[in-house]
Amino acid sequence: MARKIVVTSGKGGVGKTTVCANLGIALAKKSLRVLLMDLDIGLNNLDVVMQVEDKVVFDFVDAVENRCRPGQALIQDADEPTLYIMPSCHLAKRQISADAVKKVVNRLADSFDYVLIDCPAGIDGGFRRAVSCADEAVVVVTPHLSSVRDADKTIAQLNDALQINIVVNRVRGDLVASGEMLSAFEVFSLLGHNPLGVIPENDDVNCNLKLHTYNKAFDLLANNLHGGTTQIYDCVSQYKGLFGKIKRRLKRNG
Ligand SMILES: Nc1ncnc2c1ncn2[C@@H]1O[C@H](COP(=O)(O)OP(=O)(O)OP(=O)(O)O)[C@@H](O)[C@H]1O
Ligand SMILES: [Mg+2]
């Protein structure tokens, strides 16, 4: 039976889909069987990030409403043979119940090691539906107070039985070193849950969301999740000391 993990945040645009996709890729690179499920109806874009938009025939709403078998809605990733994507849709004509979605997730869960669920922003019905399918949560947060506040409110909405892990995304080492940005460790201590990892602000992430090249930060994240290690990506040290100060200046002026 797969570990079913919802990737959530409360605040929109902090990197849920990016973390879901790249964590899935990093796990699949370890030959683990991974299903990425987009449960964001309306603002769904996991299919775009994973570059399978043109291959979508059925989506999870079709599976929930029995227009296809759950397996028929899965799309195999072109690069990682153990990675599958279940896309979402722009519009659901009827209300989709949490129980119906849970049934589909549970039917697929036996065939995978991990089911990563991309959750919609906010804490309304779509959020509750996504969360109800999972046993664990990855809460994505950026080092900004508004994001930390929303993550805290989101955590308060999560069931006590859920294992909660925190990922701090978009950390700029140069700004942390100069004291202009909260450090990931400050964010971890404000939220008070298991620190799973740190993802730096990365221009490559912006240009090419699907990082099929080796990415150390996501690899450490996958190791921590799968192997129980506690290695946190260090994006700050290189900006400390005299050479660090020069690097900071160069980054600021570049
Ligand atoms: N570590 C990062 N470095 C640079 N850009 C990033 C990083 N993480 C995410 N982004 C960018 O931030 C934007 C929002 O990311 P993403 O779509 O993953 O957020 P989201 O939380 O899923 O949004 P939504 O709430 O709308 O579903 C995207 O343009 C993405 O490329
Ligand atoms: Mg998203």
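In this predicted model, strand S1 and strand S6 (residues 136-141) pair in the parallel sense, with four bridges between them. Thr-8 is the residue that stands opposite Val-139 in S6. S1 also pairs with strand S5 (residues 114-118), again in the parallel sense, over five bridges. Here Arg-3 stands opposite Tyr-114 in S5. The pairings of S1 are set out below.

| Partner of S1 | Sense | Bridges |
|---|---|---|
| S5 (residues 114-118) | parallel | five |
| S6 (residues 136-141) | parallel | four |

Strand S1 covers residues 3-8, and five of its six residues are buried, so S1 is largely enclosed by the rest of the structure.

Helix H5 (residues 125-132) has the buried residues Gly-126, Phe-127, Arg-129, Ala-130 and Val-131. These buried residues of H5 pack against strands S1, S5 and S6, and against helix H4 (98-109). An α-helix has 3.6 residues a turn, so residues three or four places apart point the same way.

The remaining points concern the ligand. Around ligand 1 there are 19 residues, of which Gly-12, Gly-15, Thr-17, Thr-18 and Ala-121 come nearest. By class, the shell around ligand 1 divides into nine polar, six nonpolar and four charged residues. Helix H1 (16-28), strand S7 (163-171) and helix H9 (203-207) each supply at least two residues of this shell. The largest share comes from H1, with three residues.

How values were computed
Residues are numbered from 1 along each chain as its sequence is written. Chains are lettered from A and ligands numbered from 1 in the order in which they are written. This is a predicted model: local features need pLDDT of at least 70, side-chain atom pairs count only at pLDDT 80 or more; totals for chains, interfaces and linings use all residues. A residue is near a molecule or strand if its C-beta atom, placed from the backbone, lies within 6 Å of it. Ala, Val, Leu, Ile, Met, Phe, Trp, Tyr, Cys and Pro count as nonpolar, Asp, Glu, Lys and Arg as charged, and the others, Gly among them, as polar. A residue is buried if 20 or more other C-beta atoms lie within 10 Å of its own, exposed if 12 or fewer, and partly exposed in between; C-beta atoms are placed from the backbone. Two strands pair if DSSP finds at least two bridges between them. Two residues are in contact if their C-beta atoms, placed from the backbone, lie within 7 Å.
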